[in-house]
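Open the model in your viewer and keep the selection panel handy. We will walk through it one selection at a time.

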Amino acid sequence: MRPFNPDGVAGPFASYVHGIEVQTPARLLFGAGQTGVDSDGRTGDGIEEQARLTWENVKRVLAGAGMGVDNIVQLNMLLIDRADREGAMVVRDEMLGDHRPTSTLMYISGLANPDWRIEIDFIAVDDS
């Protein structure tokens, strides 16, 4: 995988890169939207707990395929409230560490459950 930020495009506005080139053959994992719900079906309280639960679910899906967050090449984060951005980004940056996937943040009017505040889907690549 080759991450890059090309000349002529404004630098990233957060912890991501503009593009990641992947040479095939490689294993691809397409992760469905994960939310802030624990394994018992309990929804987390507030954005930070929901963000942590969401990321733990993302990590479990990745682990099921023998991958980790460093394998994520595309990340989409959906939030229902602009006020949740800071809390969600703190957790996101903590979970990603120094890894920089491509990334899109979207504000939407709602998720499948009205108690959910965040959802994350992703694409991961194992090119080893």
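Start with α2, residues 85-96, in this predicted model. Its buried residues pack against α1, β4, β5 (102-107) and β6. To see the side chains involved, show G87, A88, M89, V91, R92, M95 and L96, which are buried. Now look along the helix: α2 has 12 residues and reaches 16 Å from its first C-alpha to its last, close to the 16 Å expected at 1.5 Å a residue.

Next, colour the strands. They form an open sheet of 4 strands in the order β3-β6-β4-β5, with mixed pairing. β3 (27-35) and β5 are the edge strands, each pairing on one side only. From one strand to the next, the twist averages 10°.

Zoom in on β3 and β6, which pair in the antiparallel sense over 7 bridges. Select F30 and you will find its bridge partner in β6, I123. Then bring the helices back: α2 packs on the sheet by touching β4, β5 and β6, and its direction makes about 160° with that of β4. α1 lies across β3, β4 and β6, running at about 25° to β6.

Finish in the largest nonpolar core, which has 21 residues. Select W55, L62, I72, I118 and F122, the ones with the most contacts inside it. The elements giving two or more residues to this core are α1 (46-64), β4 (72-79), α2 and β6 (118-126). What does F122 touch beyond its neighbours within four places in sequence? Its contacts there are L29, F30, G31, V58, V61, L62, I72, Q74 and L75.

Key. Residues are numbered from 1 along each chain as its sequence is written. This is a predicted model: local features need pLDDT of at least 70, side-chain atom pairs count only at pLDDT 80 or more; totals for chains, interfaces and linings use all residues. Side-chain values use heavy atoms; hydrogens and water are left out. A nonpolar core is a set of buried Ala, Val, Leu, Ile, Met, Phe, Trp, Tyr and Cys residues joined through side-chain atoms within 4.5 Å. Buried means under 20% relative accessible area, exposed over 50%, partly exposed in between (1.4 Å probe, protein chains only). Contact means heavy atoms within 4.5 Å. The expected span of a helix is 1.5 Å times one less than its number of residues. Two strands pair if DSSP finds at least two bridges between them. Axes are lines fitted to C-alpha atoms, for helices over the stretch in contact, and angles run from 0 to 180 degrees between N-to-C directions.
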